[in-house]
Amino acid sequence: MADEVLVFAKPGDARQFFIDEGGKLKCTQCNEKYGSSTSPTRMMAHLAGAEYAKAAGIGGCKPVNTPGNVLKSVERRKAAVKFLQGSQKEKVAKAQEKEVHITVNGTAAPGSLHLYYNNNTADAATMAVVMFLLENGIAFNVVRSPAFFEMLEAVKKAPVSWKGPTYNAVRTNLLDKAHEHVQDLMSASGVDTEVEIFGLTVAADAYKDATSRQIIGYVGNTSNGSVRFLGSMSTEGESQTADYLFEHAVKVIEAVGAKTVKAFITDSASNEKGCDKLLEARYPWLLHLPCAAHGTDVLLADIGKLPWAKDAIDIAHQIVVYFRKYEWAQALLREETKKGSKKELVLPGDTRFGTALIMISRVVEMRADLESSVRNKKYLDHLPKTQKKGIAPPPSPPKREDSGRCFVASKGKSPRLRKPSFKSVIATPSHEGALKPGLVVPSAKEKAAQMAKTVRNNALDDDAWLQLEFLVDICKPIYALLRFCDSNKPDIGKLYYRFSMLLVWVEACFGDVDKQAVWKEYRTASLKAEHGPRYKVTEEDLFMPSIVDAEHNSCFEAGSIKAALIDLITSRWNFLHRDALGAAYCLDPESWGHIISHDPNGEVVLGLNRILERLTNSAEEYVEVRLQWLDYKLKMSSGTNLVMWEAARKMPAHLWWYEFALPKAPELSKVAMRLLSICVSSSGLERAWSMYEFIHNRRRNRLRATRTSKLVDIFSNMKLVRMKARKAASGLEGLPIPWMWELDGKEDEDVEEDEHMSEVEELVEEDDDLEMLLVD
């Protein structure tokens, strides 16, 4: 065209394809017109394609970007792309030199990392991901999550026009879809197959969230120790009666399948007991069990209330509080621990079982460090200053009493009226309602000095250390039982025997020779089962503290400590005992040889008979089960192979019945498999509450209860799905029942380690430092 005027001077440049027509810039390919102030970069983006045009906020040239167009248009597009790439390099170079702003989606973005990287390079994408993690405070471990890699792969395959999910979509529709997707993954992972064979143990417990809202949660324990979150609900403003709890428990049970639920675990509240009775009436096969971990923890708490134990706890607590309260004292102790135990003092927490015993054991372990610290010159400088003899204290200012007010005389002036301080008033007992001038209240510095003196006296007192050491030693088997119960493993068949050994332990520590022999045999067998048959048992492993010496040192009446311990253990066992515990003890193949010796009153066999009658559907089936039980007890037709009895020591009891006894005793095996796969603790729900607190915390406290329940469901159940996937990748997918029945330790790596941990975090972290308290 004769009237075409080139906008740009360089001939052959891609910019020559725009002409000036009446103050407008017109594209020679599509005849689109733009303002004369349109930048060259935007005009080239118009020719380069939809991706470049969209980024520049301008429409794309359809003829140039239409497939099958003339070669000239394709060349023009390539030229435009080449121009844009060169322009971008120049832009980045200038930005690096001058640190100027660059545009992101047409908007100035100061300080963006794109100043240093080309938008089309892998470095830019990496830094964008890193900045997303850092700006939102996300843990570094996220980049090791399989979900992170799955997300990146999905983003790579997404179309260029994809913008990502919106805020409202994520919290509503997409959250519901994700929740349904996780349920499908749970079904495909094989959890339902395990539940169909062995059943599911449901645990319920109450919890207060970050906003003090009352929540009731439910989890299901599978036979391999996995915990499945079943949901939670808010009970705010509701009266939690037995009928109310029963109504919601029925909904949970029916949702997972009533026939698959074999046991229901709750705490000891009266409304929970009433709910359990209603559940057993509706579902006759459903067994109610109290939480064994909570019961054992209450036993430790009861022991801590005994006079001699309470004195020891107070001494240890005062030492720990002082060294953790004052920075100089803590620094001094850490200097000593670098040369000694290399440990840290811990305070008891509210969310951890046996925390007082953990605190005392750590104090005993750090005895040498504490003694060295209180003998240090720096520590002595903080003790109360002693006043030299012969020097009278400075005279106090004259005071007189007048209707509860004090008159203080100033030098050279008449007395002035002053009200007594609040501390002096509350420190002085009033007489007939009249306020009296208070006694001298020690200052904070004086209190700290007096506390330092008390701590030093206790740290250098041999009798105090004897008290602490005796409390730790006498409670070791109880704490070991607590650790045994604080698990998701189906070890119901071991609980009866282990709890009965606590009475043997007390009698052995009191000097009973026969009980000492029984305890040493039990302890030796436990250690060899734990560490292998070649483990050499030492005298330290078989050490038993002397209750007689402890009573003598504490000036208690002979036999008082022993009687108190036996009473507490017996009363706590009466609270925990159910027919199911005795029946599981009978059916556990590992306990076959000593059932009669540990059941002189027939309590165990009687409980078994009641459970068998309850779990059978007819009189004929009950008779058949009793006959199979007789064969099992006599080791006749149900098992004459020595290999199967040796395997009973090395594999879970319910899997033993599934593997060896099911073909020969099908009716009894079904009862045994269902009973021996029960978890006796609601610890899985306590861990679910930790996940709940991780999601619904003080900062993120506006989530509704229903939405939070879905988030916790996805968060916890996806861990279970990932664990199943790892087991399948390890070659275990061919087994009908997973043999790896412990949760994978990698699941705890989501929490970042910090050397400045809180008191509760220190106790929640289970490391090798606490293994000294384990005896079994």
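**Cysteines, a helix pair and one leucine**

The disulfide count here comes to 0. This is a predicted model, so keep that in mind throughout.

Take Cys485. Cys485 takes part in no disulfide. The nearest cysteine sulfur belongs to Cys291 and lies 8.1 Å away, while the cut-off for a disulfide is within 2.5 Å. Is Cys485 buried or exposed? Its relative accessibility is 1%, so Cys485 counts as buried. Cys509 has a relative accessible area of 4% and is therefore buried; the limit for buried is under 20%.

Next, a helix pair. Helix H14 covers residues 327-339 and helix H16 covers residues 367-375. Their axes are 9 Å apart, and the two helices pack at an angle of about 130 degrees. H14 and H16 are therefore oblique to each other, since roughly antiparallel would need an angle over 145. The crossing of the two is right-handed.

Which residues make the contact? On the H14 side they are Leu332, Leu333, Glu336 and Thr337. H16 contributes Asp369, Leu370, Ser372 and Ser373. By class, the contact of H14 with H16 has 3 nonpolar, 3 polar and 2 charged residues.

Last, Leu174. This residue sits in helix H8, residues 173-188. With 36% relative accessibility, Leu174 counts as partly exposed, because that value falls between the 20% and 50% limits. Leaving out residues up to four places away in sequence, Leu174 touches Pro165 and Ala169.

Technical notes: Residues are numbered from 1 along each chain as its sequence is written. This is a predicted model: local features need pLDDT of at least 70, side-chain atom pairs count only at pLDDT 80 or more; totals for chains, interfaces and linings use all residues. Side-chain values use heavy atoms; hydrogens and water are left out. Axes are lines fitted to C-alpha atoms, for helices over the stretch in contact, and angles run from 0 to 180 degrees between N-to-C directions. Helices (H or I, at least four residues) and strands (E, at least two) are DSSP runs, numbered from the N terminus. Angles under 35 degrees count as roughly parallel, over 145 as roughly antiparallel, 65 to 115 as roughly perpendicular and the rest as oblique. A crossing is left-handed if the near helix is turned anticlockwise from the far one by less than a right angle, and right-handed if clockwise. Contact means heavy atoms within 4.5 Å. Ala, Val, Leu, Ile, Met, Phe, Trp, Tyr, Cys and Pro count as nonpolar, Asp, Glu, Lys and Arg as charged, and the others, Gly among them, as polar. Buried means under 20% relative accessible area, exposed over 50%, partly exposed in between (1.4 Å probe, protein chains only).
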